[in-house]
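Work through the exercises below with the sequence and the model at hand. Each task is followed by its solution.

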Amino acid sequence: MKRRYFMLGSLHVPLIFSQHHVDISGFTDFVKAVNPSKYPEDIFLARIWLLSFNCSNPQSDCVTWDNCPHDASLDSLPGRVFDMTMSGHSYNIYNAVYAVAQALHEILLQQTEVQTVGNGKGTLPSPAQLVHYLRNIQFHNSVGQQVILDDNRKLDPEYDILNIWNFPEGLELEVKVGKFSPYALRGNQLSLSEEMVQWSIGTIRTPHSVCSETCGPGFRKSPLEGKAACCFDCTPCPQNEIANDTEMDHCVKCAHHQYANTQRNQCLLRDESFLAFGDPLGMALACMALCFSMLTAAVLGIFVKHQDTAIVKANNRTLSYILLISLIFCFLCSLLFIGRPNTVTCILQQITFGLVFTVAVSTVLAKTVIVVLAFKSISPGRTMRGLLVSGAPNFIIPICTLIQVTLCGFWLWTAPPCLDTDVHSEHGHIIILCNKGSITAFYCFLGYLSSLALASFTMAFLARNLPDTFNEAKFLTFSMLVFCSVWLTFLPVYHSAKGKVMVAVEVFSILASAIGLLGCIFVPKCYNILLMPNRNSLHGFRDKRQHSRRN
């Protein structure tokens with residue numbers, strides 16, 4: 001008999017999961033031939049007959065099968081009253097009966113063998129013995145399907161998905177609309193033909209089961225407070241998070257080396273980015289560094305060639321050589337900041353930059369001190385002259401450099417510069433750059449360099465008006481002014497910049513400060529040496545003074 005599945009006005013139509021089975025041969029013919037006369041002990045069959053074929057006699061309380069139609073058969077009943085096909089429950093009962101029969105057969109065979117050997121008498125099997133056989137039984141039924149009753153050994157069954165069609169009213173026809181197979185590929189285990197499903201409202205169109213539209217990829221469901229769980233808002237995924245499926249409760253964060261696309265439904269690999277030599281900005285800075293390093297080398301060549309002239313000798317040519325060589329390395333050290341960084345270049349960038357600039361600025365300080373001592377030694381007193389003659393200013397460079405080396409060693413010991421990445425500055429790129437390591441050590445490093453520059457500027461400024469033909473104090477003052485201006489501007493710009501621009505700002509500051517030293521100190525001297533040779537000798541200055549006095 002059929003169960004009543006429908007409720008008046010309900011939108012919900014049952015989808016029944018029934019164990020998949022093959023039709024048993026001869027089952028339908030057996031059901032057609034069944035009647036209470038053949039199976040008088042079956043009270044359920046008798047009840048179906050009485051209710052379905054009106055076998056009762058209104059003039060008598062006795063029920064006889066003679067009152068039933070002679071051609072009465074279950075096959076004549078409507079399908080909504082009695083289904084002639086084998087259901088999933090019937091198929092399980094069929095297998096269970098065969099399993100019990102098979103178990104009893106094996107028990108009887110075993111007892112027969114025992115009786116033959118020991119001439120004993122057979123006994124009825126106990127329930128425990130029968131259960132033991134049923135747990136271990138394994139056979140193929142009449143349609144060839146394997147039957148195993150033990151839950152630990154039997155395979156997961158396949159299921160047919162049935163839908164009950166009830167239009168027109170009272171049809172109640174079971175129709176297969178899909179299946180579930182646990183052995184199919186992941187994602188294809190459940191198949192359902194939605195166009196075949198009939199709803200109680202008489203349509204095959206699937207009604208909405210929620211009060212909100214479906215959240216597509218790139219959005220997540222946000223529950224609405226005070227409303228049912230099926231009501232929600234669709235919220236876009238945050239930056240660098242995705243939702244690659246519909247109806248997702250949470251967005252998934254992309255990995256460190258990935259980024260979310262514009263639709264927020266897929267993670268893409270980030271492109272590596274750094275200040276490369278092939279970039280226009282990197283190429284321009286590299287060309288500047290090489291050009292000015294060659295220009296500095298050319299100035300050094302001019303000074304070596306004219307080493308015996310008055311200008312070169314008067315301004316301490318040894319210190320001039322040291323300053324020019326350090327400036328060459330200042331320009332070249334900027335190349336360490338260009339190209340793909342690694343751990344070695346990250347350490348060399350800061351250490352090389354700090355040491356060569358310390359040598360350059362301490363050389364300027366030494367030149368300034370010599371200018372001051374030279375004029376002070378003229379006045380009465382032997383202290384200043386003794387310092388000048390003893391060569392004490394020459395110890396300024398190694399002492400200042402040694403202090404910077406100590407600071408660099410402390411920096412490397414506490415937290416050295418290391419390789420780092422930045423995924424926030426440029427969308428879709430992972431910027432490879434150098435981390436300064438210890439910020440405290442970095443600022444001590446810059447602070448010491450700044451103090452040397454400030455000391456040089458102060459002494460040069462005080463000595464700028466000392467009377468002498470070859471006094472370079474004014475040039476040293478301007479060079480230190482440019483140097484301090486560049487690095488004072490560097491700090492705020494550097495902290496506001498991001499990514500490759502931050503590296504470019506540091507490289508530009510290195511080049512600008514080195515150019516300031518080269519231009520302010522050595523360009524006027526080269527001008528006099530090459531274009532005004534009469535100013536490059538004591539005789540020329542004496543003739544000029546005598547001529548001016550006569551006039």
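**Exercise 1.** Determine how helix 11 and helix 12 are oriented relative to each other.

Solution. This is a predicted model. Begin with the axes: those of helix 11 (residues 439-462) and helix 12 (residues 473-496) come within 8 Å and cross at roughly 150 degrees. Next, apply the cut-off: angles over 145 degrees count as roughly antiparallel. Helix 11 and helix 12 are therefore roughly antiparallel to each other. Finally, the handedness: the crossing of the two helices is left-handed.

**Exercise 2.** State which residues make the contact between helix 11 and helix 12, and how they divide into nonpolar, polar and charged.

Solution. On the side of helix 11, the residues in contact include Tyr443, Leu446, Leu449, Ser456 and Phe461. Helix 12 contributes, among others, Ala473, Thr477, Met480, Cys484 and His495. Sorting the residues of this contact gives 16 nonpolar, three polar and no charged.

**Exercise 3.** Find where the confidence of the model is lowest and highest among the elements of the chain, and which stretches stay under 50.

Solution. Start with the whole chain: the mean pLDDT is 79, and 81% of the residues reach 70 or more. Now take the stretches. Over residues 1-11 pLDDT stays under 50, and the model has 22 contacts beyond four places in sequence for them. Residues 547-551 also stay under 50, with zero such contacts.

**Exercise 4.** How many helices and strands does the chain have, and what share of its residues is buried?

Solution. Count the elements: there are 14 helices and 15 strands. Of the 551 residues, 38% are buried.

Methods: Residues are numbered from 1 along each chain as its sequence is written. This is a predicted model: local features need pLDDT of at least 70, side-chain atom pairs count only at pLDDT 80 or more; totals for chains, interfaces and linings use all residues. Side-chain values use heavy atoms; hydrogens and water are left out. Axes are lines fitted to C-alpha atoms, for helices over the stretch in contact, and angles run from 0 to 180 degrees between N-to-C directions. Helices (H or I, at least four residues) and strands (E, at least two) are DSSP runs, numbered from the N terminus. Angles under 35 degrees count as roughly parallel, over 145 as roughly antiparallel, 65 to 115 as roughly perpendicular and the rest as oblique. A crossing is left-handed if the near helix is turned anticlockwise from the far one by less than a right angle, and right-handed if clockwise. Contact means heavy atoms within 4.5 Å. Ala, Val, Leu, Ile, Met, Phe, Trp, Tyr, Cys and Pro count as nonpolar, Asp, Glu, Lys and Arg as charged, and the others, Gly among them, as polar. pLDDT is the predictor's confidence in each residue, from 0 to 100. Buried means under 20% relative accessible area, exposed over 50%, partly exposed in between (1.4 Å probe, protein chains only).
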